[in-house]
Amino acid sequence: MKQLAGLDASFLFLETPEMPMHVGALHIFELPAGYRGNYVRDLRAHMASRLPYAPALRRKLALMPMNLASPAWVDATPDLEQHIVAIKLPRGSGQAELEQQVGLLHPVLLDRSRPLWKFHVFEGLANGPGGTKRYGLYTQLHHAAVDGQAAVALAHAILDLSPEPRALPDMPARADRSAPGTTQLLRRALAGQWQQTLNIAKALPGAVSTLAQMAAQSAGGAAGGVMSDVMARVKGQAASGSKGVSNLSLAPRTRLNATLSPERVFCGVSLPLAELNAVRRRHGASLNDAVLMICSGALRRYFAKHGPLPRKSLIAAVPVSTRAKGDTTANNQASMTVFSLGTHIADPAKRLAHVLAASAAMKSNLDHVKGLMPTDFPSLGVPWLMEGAAALYKRAGVAEKIPPIANVAISNVPGPTVPLYMAGAKMLKNYPTSIVVHGMALNITVQTYNDALDMGLIACAQAMPEVAELGEHVQAAFAEFAALPAPSAEAAPAAKKTPRKAVTPATKKPRASAPTQKRASR
């Protein structure tokens with residue numbers, strides 16, 4: 001038995017029918033030519049063999065008496081007939097039908113009496129070249145159990161690098177653990193409260209000092225030496241459009257800053273990774289910079305058409321991993337920062353300069369941001385407070401009454417650059433699905449996979465019913481980015497000086513030997 005950390009448990013306390021807190025992905029798989037088996041049955045057998053290596057899939061919640069504090073994880077054996085289900089679509093279905101199914105299934109909450117995951121296998125897709133069978137797979141994993149990096153570790157256990165499943169080492173037999181009683185649950189709930197309180201008290205002075213420094217920096221209108229370095233990088237690209245960039249400001253109010261409905265809409269978009277990398281290197285941009293530039297252009301097009309387009313830049317909430325290198329613990333270790341997207345700038349060259357400057361300002365504050373938000377804290381009485389606050393937030397329409405901090409969440413998760421397989425089937429596409437929250441009704445999550453950058457766009461159906469159109473704007477924004485002329489030789493940064501440190505959990509390439517899939521982030 002292990003009690004959930006405060007951040008993990010928060011995803012449970014804040015969950016409502018209007019605000020599901022699971023993440024996952026929409027995958028498209030293709031089976032080898034000549035396959036005549038039952039893929040759902042094969043997938044269940046495959047997962048049964050991988051469960052010993054995937055502890056996040058073999059545990060369920062044990063609630064504290066009277067919901068007094070954070071629940072605990074206890075061992076459980078999932079019933080794969082319930083966790084892996086088949087859904088028959090009309091014969092010849094394609095991506096549009098799969099996206100519609102994600103919109104319908106995403107609002108359905110996971111059963112808390114079982115391990116918090118579910119796989120939906122879609123049958124009836126149009127065959128691939130040569131008549132090869134294709135299946136869709138929509139995965140759901142509760143955010144209380146995993147963040148983006150933890151999902152990567154989980155995917156390593158269940159995915160392979162070839163159609164033939166790899167040999168895995170024997171795992172020791174699991175101990176027979178009986179369910180904890182009420183007394184044991186209470187003892188565990190109270191045991192760590194004092195130490196958690198001390199940890200928070202020790203960290204508070206440093207957090208206050210960090211906030212004061214960031215506020216002073218914002219008032220100065222620049223990010224010191226880092227900002228001046230960016231100004232040099234974008235010389236000749238209308239750098240005047242990026243002068244005085246600060247990410248620390250309130251967002252303009254838009255239709256996205258609304259109370260959520262239970263309905264969702266989803267769209268998956270793929271961009272060619274090799275071409276994207278060539279374009280962003282030409283401008284001295286990181287992959288994360290390129291993603292933010294493309295999202296900026298797409299959102300500007302969307303609001304220019306559906307209005308109103310704010311005169312002030314839209315602000316993105318960007319998750320930041322706080323996970324130590326090599327840590328694969330199945331929990332959440334992340335914080336959040338904000339980013340000015342430059343959507344108020346019509347000229348794409350000036351907008352790129354703005355994005356590069358905002359990126360530099362964000363990088364200069366990353367080390368401070370990572371330490372601001374604790375991942376664990378005393379939880380005595382917190383379930384009542386947070387669940388009550390979540391319900392009140394919706395009923396009172398708070399999202400429409402308070403100044404918005406951000407308009408959209410944009411998360412960039414690292415993925416493999418080689419094809420992956422599951423139960424003999426090759427993964428063709430990997431569109432991440434994530435969370436939208438009251439006051440921020442659009443989430444864009446991005447992951448590299450094989451030779452593409454796969455993007456998942458999920459939104460509240462009432463706030464942004466035209467999410468498929470936003471997907472088209474993403475393609476147009478990429479074309480606009482690719483068409484920008486290269487900066488002059490004296491203005492372009494040397495390739496060796498291009499920043500390589502990850503801005504979000506998404507810019508570092510994993511080793512080819514580590515199969516990964518989504519999570520979401522950020």
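1. Two strands are taken to pair if DSSP finds at least two bridges between them, and helices (H or I, at least four residues) and strands (E, at least two) are DSSP runs numbered from the N terminus. The model discussed here is predicted, so that local features need pLDDT of at least 70 and side-chain atom pairs count only at pLDDT 80 or more, while totals for chains, interfaces and linings use all residues. Residues are numbered from 1 along each chain as its sequence is written, and side-chain values use heavy atoms, with hydrogens and water left out.

2. A first point concerns the sheet that contains strand E1. Strands of a sheet pair through backbone hydrogen bonds, either parallel or antiparallel. Here E1, E4 and E3 form, in that order, an open sheet of three strands with antiparallel pairing. Strand E1 (2-3) and strand E3 (59-62) stand at its edges, and because each has a single partner strand, one side of each is left without a neighbour in the sheet. E1 is joined by two bridges to strand E4 (residues 72-75), the two running antiparallel, and glutamine 3 has alanine 72 of E4 as its bridge partner.

3. For burial, the terms used are buried (under 20% relative accessible area), exposed (over 50%) and partly exposed (in between), with a 1.4 Å probe and protein chains only. Helix H1 is mostly covered, since eight of its eight residues are buried; among them are Gly6, Asp8, Phe11 and Phe13.

4. Strand E11 (residues 408-413) deserves a point of its own, because six of its six residues are buried and the strand is therefore largely enclosed by the rest of the structure. In a regular strand the side chains alternate between the two faces of the sheet. In E11 both faces are covered, with Val408, Ile410 and Asn412 buried on one side and Ala409, Ser411 and Val413 buried on the other. The strand pairs in the parallel sense with strand E14 (residues 442-449) over five bridges, and isoleucine 410 stands opposite isoleucine 444 in E14.

5. Side chains of opposite charge can pair when their charged atoms come close. With a salt bridge defined as a side-chain nitrogen of Lys or Arg within 4 Å of a carboxyl oxygen of Asp or Glu, the count comes to ten salt bridges. One of these joins glutamate 15 and arginine 112, at 2.7 Å from N to O. This pair links distant parts of the chain, 97 residues apart, with glutamate 15 in the loop between helix H1 (6-13) and strand E2 (22-30) and arginine 112 in the loop between helix H4 (95-105) and strand E6 (117-125). Glutamate 15 is buried at 11% relative accessibility, whereas arginine 112 is partly exposed at 32%.

6. Another salt bridge is formed by arginine 44 and glutamate 81, whose closest N and O atoms are 3.3 Å apart. Because arginine 44 lies in helix H2 (residues 39-50) and glutamate 81 in helix H3 (residues 80-83), the pair ties together parts that are 37 residues apart in sequence. Arginine 44 counts as buried, at 19% relative accessibility.

7. The side chains of aspartate 160 and arginine 166 also meet in a salt bridge, at 2.6 Å from N to O, and a network of salt bridges links Arg50, Asp160 and Arg166. Aspartate 160 is buried, with a relative accessible area of 2%, while arginine 166 is partly exposed at 28% relative accessibility.

8. If a disulfide is a pair of cysteine sulfur atoms within 2.5 Å, the count comes to zero disulfides. Cysteine 295 is buried at 1% relative accessibility, and cysteine 460 is likewise buried, with a relative accessible area of 1%.

9. Most residues other than glycine have a negative phi, and most peptide bonds are trans. The peptide bond from glycine 307 to proline 308 is cis, with omega near -15 degrees, and proline 308 lies in the loop between H10 and strand E9 (315-321). Alanine 423, in the loop between strand E12 (421-422) and strand E13 (425-433), has a positive phi near 55 degrees and is buried, with a relative accessible area of 18%. Asparagine 450 has a positive phi of about 55 degrees although it is not a glycine; asparagine 450 lies in the loop between E14 and strand E15 (452-460) and is partly exposed at 22% relative accessibility.
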